[in-house]
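Hi,

Here is the structure I promised to pass on. Have a look at it first, and then read my notes below.

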2 protein chains.
Amino acid sequence: MSGVSIATVSRVLNNPDLVARNTTERVQRAVRELGYRPNLFAKSLLSKRSRVIGVSLPDIHGEFYAELMHAADRRARELGYHLLVSAGAHQEDAPRTDNDSTGAGFAIDLVDGLIVMLTEQSRSDLEAIARLNIPTAVIGCDRPGARVETITYDNILGAEQATEHLLEGTPPERCYFVGAHKGNLDSDDRARAFTDTLRARGHEPDTDQIAYGEFTFEWGWDWASSRMDADALAGAAVFAANDEIAVGIANAARERGLEMPRDIRLVGFDDSRICTLLRPEISSVRVPIPDLASEAIDALVRRIESPERDPKHTRLATSLVIRDSSRLKERA
Amino acid sequence: MSGVSIATVSRVLNNPDLVARNTTERVQRAVRELGYRPNLFAKSLLSKRSRVIGVSLPDIHGEFYAELMHAADRRARELGYHLLVSAGAHQEDAPRTDNDSTGAGFAIDLVDGLIVMLTEQSRSDLEAIARLNIPTAVIGCDRPGARVETITYDNILGAEQATEHLLEGTPPERCYFVGAHKGNLDSDDRARAFTDTLRARGHEPDTDQIAYGEFTFEWGWDWASSRMDADALAGAAVFAANDEIAVGIANAARERGLEMPRDIRLVGFDDSRICTLLRPEISSVRVPIPDLASEAIDALVRRIESPERDPKHTRLATSLVIRDSSRLKERA
DNA sequence: ATACTCGATGAAAACGATTACATCATGCGT
DNA sequence: ACGCATGATGTAATCGTTTTCATCGAGTAT
């Protein structure tokens with residue numbers, strides 16, 4: 001030290017106004033020369049804060065994950081926080097650590113708060129989270145009961161737009177929804193919006209018009225293939241629950257000589273990279289992933305820093321991006 | 001407490017053999033009933049260990065990032081570590097935090113070690129890392145000078161395989177390499193292997209046969225488009241430095257009526273999801289991303305836990321996956 | 001000149017664990 | 001029966017901060 005006590009050093013670093021001008025300068029010089037850095041563990045021990053946020057995501061597909069993490073990381077850093085990841089923590093086969101007494105797949109004691117993305121309809125996850133008693137922001141599910149922040153994207157809005165767009169050029173009985181398994185929050189919402197929109201047009205959808213499978217290329221392919229053996233999809237309009245399914249459908253259709261949008265009109269969901277890599281480009285519902293991430297960080301940080309406030313529930317709009325796979329000719 | 005001192009409690013938790021059988025049980029029962037969990041910050045303060053690993057990745061594309069993080073997280077968790085992310089920390093515009101005195105974009109003092117992926121030829125990154133004086137594993141660059149672990153994938157091997165595969169059915173003067181910008185470690189290695197393989201066949205590649213751009217769909221598209229205006233690519237074989245470029249080329253080619261593999265043969269790099277989503281499926285060089293991640297974690301943890309050992313330098317093999325975009329007809 | 005305030009700084013307690021050392025009882029050998 | 005090794009447990013120092021409280025000196029008002 002440069003002739004001063006550790007208390008003064010601490011003050012210089014945290015409350016420079018409490019200490020005399022020239023002392024401040026002397027200490028700062030010493031700090032610089034010695035390359036001194038305060039020990040974060042000691043700080044945390046005292047403050048019970050680590051400025052670390054845990055992020056627990058289900059096994060979502062690559063792009064979504066990457067985009068979400070990038071945006072979250074960026075926003076967290078702006079606010080002086082860091083991100084601790086826990087990819088696929090909900091999976092049963094994920095190894096458990098000592099510190100993970102909760103089964104949430106996490107070093108709970110290390111983080112100031114948690115961001116959890118939920119895609120499945122399951123109470124157990126939510127209960128586990130509530131039991132943690134730690135500031136939490138939930139992405140993707142807006143009725144978690146507990147006192148947590150929620151950030152969702154408007155599946156209904158996007159799916160309505162997509163369905164209405166398809167209905168503009170295709171009769172309701174020739175419209176199809178190809179979803180993932182029942183119980184998936186996103187797929188279910190999108191299916192419901194599809195159904196409701198058809199009903200609003202006075203058409204009760206046939207069970208045949210709504211199919212459940214998985215969020216995969218293969219499922220899309222299989223669905224389209226089996227359809228085409230039966231009654232040929234020519235003239236149909238298909239709303240796929242995500243882009244992978246859409247691509248599967250697109251490929252199967254092309255292989256059978258159907259051209260988009262002339263013979264089949266197609267809309268996906270997520271507006272992922274693949275949509276613009278295929279020809280024709282695929283229409284899709286855009287989910288504002290970066291906003292989702294930064295809203296989640298903002299909400300969580302707000303909650304961490306003032307826990308008394310009531311949790312906020314944010315819903316982000318989605319928007320249909322119309323591309324050649326579904327564009328009506330008279331409009332093109 | 002249940003009639004015992006804190007020292008004994010600590011021993012029960014860490015060295016159960018030092019304490020009497022029935023005391024152990026009594027304490028464990030109390031621990032369970034009280035839901036006691038040792039404070040990690042206090043532990044870290046004493047041990048100077050956090051069991052947290054920092055991961056700093058450049059702005060690589062979605063799938064690569066996601067796959068790497070998933071595998072790294074899984075392996076880290078198995079070893080009792082957690083991952084702190086720092087996506088795009090090398091970027092100039094990334095906000096800086098207080099704790100980031102080093103400019104490495106990181107709360108260095110929080111982590112036991114660092115995994116850094118480098119894709120660009122730049123000494124400054126390396127020097128910054130070396131100055132940190134913290135256990136480090138570098139992914140993607142095998143000559144970092146400093147005492148760090150390195151984990152690379154064999155760009156040369158994969159690129160040689162790809163080039164030789166193309167040379168099997170196409171004369172050397174009709175083979176092209178479409179790379180990213182010079183200075184990118186991956187692209188440069190792949191370009192060199194391409195050149196060397198052609199030379200080994202006695203053909204000195206024309207400057208025209210090697211192009212530099214970016215790792216993007218658009219660059220691939222532009223390259224193919226400009227080529228086709230000039231001398232028509234029919235009969236050519238193209239090795240793209242990554243899959244995005246390859247897709248751009250594939251689309252431009254199809255738009256002009258060229259069919260793969262009949263008129264053009266194409267091989268990409270990374271073996272990403274997109275390769276099997278397009279028709280025809282695109283040949284590509286597979287990079288063992290999960291292995292890359294877990295090797296990096298293993299190496300880093302080894303180094304953290306026994307720093308005296310000499311750093312290991314691991315190189316993982318890549319392998320060409322032949323699909324319809326480049327398959328020779330007589331072999332199909 | 002005295003008392004009072006205020007600004008600057010140091011001393012020491014606290015955060016919650018680990019661990020070297022001290023203590024104490026027990027059982028053993030002689 | 002005494003000394004001593006041994007095993008179990010408590011005491012207290014320690015890690016590196018922050019923060020409360022006390023101290024001290026100087027300036028100011030009466």
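Asp271(A) sits in the loop between β9 (264–270) and β10 (283–286) of chain A (helices are DSSP runs of H or I with at least four residues, strands are runs of E with at least two, and both are numbered from the N terminus). Asp271(A) is not a glycine, yet its phi is positive, about 50°. This residue also belongs to a network of salt bridges with Arg279(A), Glu281(A) and Arg323(A); a salt bridge here is a side-chain nitrogen of Lys or Arg within 4 Å of a carboxyl oxygen of Asp or Glu.

Before you go further: this is a predicted model, where local features need pLDDT of at least 70 and side-chain atom pairs count only at pLDDT 80 or more, while totals for chains, interfaces and linings use all residues. Residues are numbered from 1 along each chain as its sequence is written, chains are lettered from A and ligands numbered from 1 in the order in which they are written, and side-chain values use heavy atoms, with hydrogens and water left out.

Asp270(B), in strand β9 of chain B, has a positive phi of about 120° without being a glycine. Asp270(B) is buried, at 11% relative accessible area (buried is under 20%, exposed over 50%, partly exposed in between, with a 1.4 Å probe and protein chains only). There are cis peptide bonds to look at as well. One joins Met260(B) and Pro261(B), with omega about -5°, and Pro261(B) lies in the loop between α9 (243–255) and β9 of chain B. Another runs from Arg279(B) to Pro280(B), with omega near -5°; Pro280(B) is in the loop between β9 and β10 of chain B.

Now, how do the chains fit together? Chain A superposes on chain B by a rotation of 180° with 0.1 Å of shift along the axis, at an RMSD of 0.1 Å (least squares on the C-alpha atoms of residues with pLDDT of at least 70 in both). That is the relation of a two-fold axis. Leu84(A) is the residue of chain A that comes closest to this axis, its C-alpha lying 2.2 Å away.

The contact (heavy atoms within 4.5 Å) involves 54 residues of chain A and 53 of chain B. Of the interface residues of chain A, 98% are also interface residues in chain B, so the copies meet through the same surface. Together the chains bury about 5100 Å², 62% of it on carbon and sulfur atoms; that is the accessible area (1.4 Å probe) lost on putting the two parts together, summed over both.

Which residues does Arg273(A) pair with? One partner is Glu244(B), with the closest N and O atoms 3.0 Å apart. Arg273(A) is in the loop between β9 and β10 of chain A and Glu244(B) in helix α9 of chain B, so this pair joins two chains. Arg273(A) is partly exposed at 30%, whereas Glu244(B) is buried at 18%. Glu218(B) also forms a salt bridge with Arg273(A), at 3.9 Å.
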